[in-house]
Amino acid sequence: MEVLQDVKTRVYKFGNKAADGNSKMKNLLGGKGANLAEMCNIGIPVPPGFTITTEVCTEYNLLGKDKVVSMIKPEIEEAIFNIESLMGSKFGDKDNPLLISVRSGARVSMPGMMDTVLNLGLNDDAVIGLANKTGNERFAWDSYRRFIQMYGGVVLGMKPEAKEDIDPFEEIMEHLKYKRRIKLDTEFTIQDLKDLVYDFKDAVKKRTGHDFPTDPWDQLWGAVIAVFNSWNGDRAMYYRRMHGYPADWGTAVNVQAMVYGNMGDNSGTGVCFTRDAGTGEDVFNGEYLINAQGEDVVAGTRTPQQITKLGSIRWAELAKVDEEDRVKNYPSLEELMPEIYKELDGYQEKLEKHYKDMQDMEFTIQDGKLWILQTRNGKRTGAAMVKIAMDMYKQGLITEKEAVLRIEPSKLDELLHPVFDAKALKEAHVIAQGLPASPGAATGQIVFFADEATKYKYTILARIETSPEDLEGMNIARGILTARGGMTSHAAVVARGMGKCCISGAGALKINYKTRTLKVDDKVYHEGDWISLNGSTGNIIEGKVATSEPELSGEFAEIMKLADKYATMQVRTNADTPNDAKIARNFGAQGIGLTRTEHMFFEVDRIKAMREMILSDTLIGRQHALEKLLPMQRSDFEGIFEAMQGLPVTVRLLDPPLHEFVPHQLETQRSLAEEMHITLEAVKIKVAELEEFNPMLGHRGCRLGITYPEITEMQARAVIEAALNLKERGIVAKPEIMIPLIGTLTEFESQEAVIRETANKVFEERNDTIEYSVGTMIEIPRAALIADKIAKYADFFSFGTNDLTQMAFGYSRDDASKFLPIYIEKGILKVDPFEVLDQEGIGQLVEMATERGRNTKPNLKVGICGEHGGDPSSVEFCYRTGLNYVSCSPYRVPIARLASAQAAIKATL
Ligand code: PEP
Ligand code: MG
């Protein structure tokens with residue numbers, strides 16, 4: 001009862017250039033609802049309707065259907081009445097029926113992730129009313145059969161039973177087409193459509209055991225509840241997990257008067273973008289179909305035509321359609337309906353200026369009148385995101401700071417992947433061409449089903465068309481190829497959002513799911529065959545194509561330059577080889593924050609000496625082995641210092657448990673015994689001795705250097721000698737020697753003493769010196785607690801947040817994958833704390849240690865070198881905490897640079 005008494009508004013109306021809501025209310029009305037309201041407010045023609053708030057979805061999840069229906073019923077009745085008055089028709093009326101659409105709309109756009117029902121309100125009476133009202137019986141019955149089909153699928157669960165099956169309604173239609181010897185839906189007669197309606201209802205009754213609902217109000221409640229349920233459907237949950245959106249956001253429900261694009265040749269429907277979502281080019285573009293409903297364009301069952309003349313000419317070139325044929329059979333909207341086009345062009349300009357961002361719009365032309373059904377900030381590839389931000393800045397639409405803030409740092413990742421090698425491309429064998437739906441280079445083995453995308457290491461998902469069910473597989477596959485569908489098909493839109501290479505509408509491909517083959521002319525490709533996709537040209541290539549490293553050029557370089565103008569916190573890289581160091585420098589790294597020296601010991605010639613050192617029982621034996629390692633390690637450091645040309649390089653002393661270096665397989669143990677002239681038994685005993693119950697909490701980090709100071713000695717010598725050697729060659733090296741895993745001050749002191757003594761010895765031997773510093777990682781909670789004491793001696797701190805997370809949470813880094821996914825699914829944790837820094841808990845340790853360290857030494861240099869150094873939200877946290885730098889893997893350097901700049905800009909807003 002308390003719930004019924006509360007007075008908050010749960011239903012927001014819009015229509016006829018007025019609305020209860022506006023674009024700022026995205027959290028409450030969902031993105032779609034807020035934008036529909038906003039469009040009404042700025043005078044765009046939008047079919048009237050209303051939005052049920054996202055809060056109602058959450059209430060539904062808590063209270064269930066009956067309570068929620070009784071709670072919102074009066075408001076819904078009033079809102080339907082409002083649509084009725086604006087449209088001059090009546091819901092459920094048999095002479096003049098109002099038909100509506102019911103769509104989901106979360107606060108962020110999740111294309112195709114949730115469900116939509118169109119033509120709601122039709123039944124055996126209303127269909128006659130609609131036929132009489134429009135004078136178009138065919139249209140009325142076509143709408144009715146579509147409604148049953150959609151409602152059946154979305155609300156009543158009439159989906160294919162097996163993945164090889166087609167949609168049960170499609171099957172009935174195919175059967176009738178076969179019987180009637182026709183090919184297209186448009187060839188159905190009115191009687192055919194009536195028969196379909198009958199057969200569809202029959203199929204529903206057989207499968208669900210219930211009659212198809214005839215009361216429009218029952219239909220409406222069924223659809224509203226189905227939309228709420230879809231928020232917790234597999235697709236939406238997967239999408240949420242992928243993007244880290246919380247489950248308690250809920251979805252709004254948008255109910256709108258239907259307008260029809262399928263009322264004849266003076267009607268149509270389409271999707272358009274104010275700029276190119278694939279490349280970012282500033283051209284209005286999109287696709288439409290005459291005499292069709294929205295789902296026809298997106299589903300890709302008919303290949304749509306281009307909206308602009310320019311787009312149409314470009315399309316014809318790719319599709320190899322000559323100009324005469326194009327103008328006659330595939331004219332652009334601009335050529336076919338110039339007045340409507342002009343109006344649409346005006347709205348797209350107005351909307352882009354209003355929202356100051358690229359818009360993705362849906363429209364319908366009903367009997368010569370244009371309606372805008374939706375607008376939203378368009379999904380785009382990483383390349384388009386960068387170009388659009390830079391162009392809008394140059395066009396004066398947004399400021400420099402806004403341009404930097406427009407970039408989603410993690411999306412830059414797409415621009416950092418290898419691209420096809422230009423030379424290899426020239427020699428490639430192109431087997432067919434489709435539409436360049438989402439740029440990129442992808443090579444992989446063919447699979448035909450989304451749930452088999454992991455069958456091989458690298459896969460290309462080839463489908464006749466994709467559907468929202470395929471989302472997970474699309475995300476896993478390297479590239480997506482469809483035989484049907486245009487640039488706005490589901491595959492194309494989703495792939496662009498994921499930044500995944502996609503070619504759509506490759507009509508020359510004959511895909512057969514049953515035989516798992518793809519045929520082009522006479523050549524057959526089977527599941528598992530290799531193909532390559534060039535998403536920028538639409539070329540489908542036989543076999544593998546070589547790739548090369550990407551470059552920071554063009555707008556990407558420009559936006560990074562702008563970012564550097566604002567970034568105050570530096571970005572370093574974690575690099576263990578000269579090659580990694582070079583890549584990172586090219587991406588703008590300002591130093592190395594972590595060189596894990598142990599990685600150098602895994603190479604073939606070194607692992608032997610390393611094992612010899614570990615297996616030796618005497619100091620002499622270990623020193624002998626270390627002498628072999630010294631020159632190798634020294635030359636590694638020389639390579640890295642040289643690559644970094646005077647930028648600081650943090651070298652960490654040996655860290656992992658020693659058992660990681662010894663052989664565990666009998667064969668390798670045997671050959672090691674031979675090489676070392678000891679018995680196999682002796683090797684086995686030593687390996688067993690090194691086994692630990694909790695190696696991560698065992699004999700590792702500085703504990704190694706304390707038990708075997710000769711290791712630290714060798715490493716310190718290698719660093720100092722390498723720097724001196726470079727000095728002789730006129731190259732400056734700035735080594736920072738870092739002691740890992742300390743928990744007590746004495747641990748630090750003991751290791752520092754070995755390092756400094758060794759350095760002094762080398763300086764004496766060489767009669768020369770270099771500058772170096774000695775600092776420590778803060779990765780054990782106790783070290784964070786005594787940071788003030790450590791700072792007295794340490795020259796710098798670097799947070800090892802991998803270990804810090806492991807130790808403060810008490811989650812083993814090596815075993816957490818067993819339970820973390822379940823934790824995230826159940827909402828125990830929102831995200832994986834090893835990927836995104838836990839600011840609430842671990843963050844406190846970072847803040848506290850920084851503060852305590854700087855209390856002792858105000859200029860203490862503090863950085864982070866755990867995996868979190870490349871995660872945008874963690875980078876922002878580091879900025880707020882006052883860290884001097886973050887350090888991340890080479891390919892994440894540009895991402896961290898941007899995140900660092902954004903953090904600095906946000907602090908000024
Ligand atoms: C860390 O613990 O965060 C770190 C960088 O060291 P490693 O991952 O090598 O343990
Ligand atoms: Mg560590």
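Which element gives the largest share of the shell around ligand 1? Helix α32 does, with three residues. The legends below start there.

This is a predicted model, in which local features need pLDDT of at least 70, side-chain atom pairs count only at pLDDT 80 or more, and totals for chains, interfaces and linings use all residues. Residues are numbered from 1 along each chain as its sequence is written, chains are lettered from A and ligands numbered from 1 in the order in which they are written, and side-chain values use heavy atoms, with hydrogens and water left out.

**View 1. The shell around ligand 1.**
The shell around ligand 1 holds 14 residues. Arg596, Arg652, Gly800, Asn802 and Arg813 come nearest. A residue is near a molecule or strand if one of its heavy atoms lies within 4 Å of it. By class, the shell divides into three nonpolar, four polar and seven charged residues. Here Ala, Val, Leu, Ile, Met, Phe, Trp, Tyr, Cys and Pro count as nonpolar, Asp, Glu, Lys and Arg as charged, and the others, Gly among them, as polar.

**View 2. Polar contacts of ligand 1.**
A polar contact is a pair of N or O atoms within 3.5 Å; within protein, one must be able to donate a hydrogen and the other to accept it, and residues adjacent in sequence count only if both atoms are side-chain atoms. Arg652 uses a side-chain N or O atom, 2.9 Å from an oxygen atom of ligand 1. Gly800 uses a polar backbone atom, 3.3 Å from an oxygen atom of the ligand. For Asn802, a backbone N or O atom lies 2.7 Å from an oxygen atom of ligand 1. Taken alone, ligand 1 exposes 290 Å², and the protein buries 96% of that. Accessible areas come from the Shrake-Rupley method with a 1.4 Å probe; for residues, only the protein chains shown count as cover. Two elements give two or more residues to the shell: β28 (592-596) and α32 (801-809). Helices (H or I, at least four residues) and strands (E, at least two) are DSSP runs, numbered from the N terminus.

**View 3. The magnesium site.**
Glu779 (OE) and Asp803 (OD) coordinate the magnesium ion, ligand 2, at 2.0 to 2.1 Å. Glu779 sits in the loop between β31 (773-778) and α30 (781-785), and Asp803 in helix α32, so the pair ties together parts that are 24 residues apart in sequence. Donors are N, O and S atoms within 2.8 Å of the metal (3.2 Å for Na, K and Ca); water is not among the atoms, so sites may look incomplete. Are Glu779 and Asp803 buried or exposed? Both are buried. Buried means under 20% relative accessible area, exposed over 50%, and partly exposed in between (1.4 Å probe, protein chains only).

**View 4. Two lysines with positive phi.**
Most residues other than glycine have a negative phi. Lys320 is not a glycine, yet its phi is positive, about 55°. Lys320 lies in the loop between α12 (309-319) and α13 (323-329). Its relative accessibility is 68%, so Lys320 counts as exposed. Lys356 also has a positive phi, near 55°. Its place is the loop between α15 (338-355) and β12 (359-366). Lys356 counts as partly exposed because its relative accessibility is 37%.

His175 is in helix α7 (residues 168-180). It counts as exposed, at 54% relative accessibility. Its C-alpha is 14 Å from that of Glu187, 12 residues away in sequence. Pro47 lies in the loop between α2 (26-41) and β3 (49-52). Pro47 is buried, with a relative accessible area of 0%. Ala581, in helix α22 (residues 578-586), is buried at 0% relative accessibility. From Ala581 to Ala203 the C-alpha distance is 64 Å, across 378 residues of sequence.

**View 5. Two annotated spans.**
An unreviewed UniProt entry gives "domain: PEP-utilising enzyme C-terminal" for residues 553-903. That span is 55% helix and 11% strand, with end C-alpha atoms 24 Å apart. UniProt also lists "domain: PEP-utilising enzyme mobile" (unreviewed entry) for residues 459-538. Residues 459-538 are 19% helix and 38% strand, and their end C-alpha atoms lie 17 Å apart. UniProt positions are given in the numbering used here, feature names are shortened, and annotations may be inferred rather than shown by experiment.
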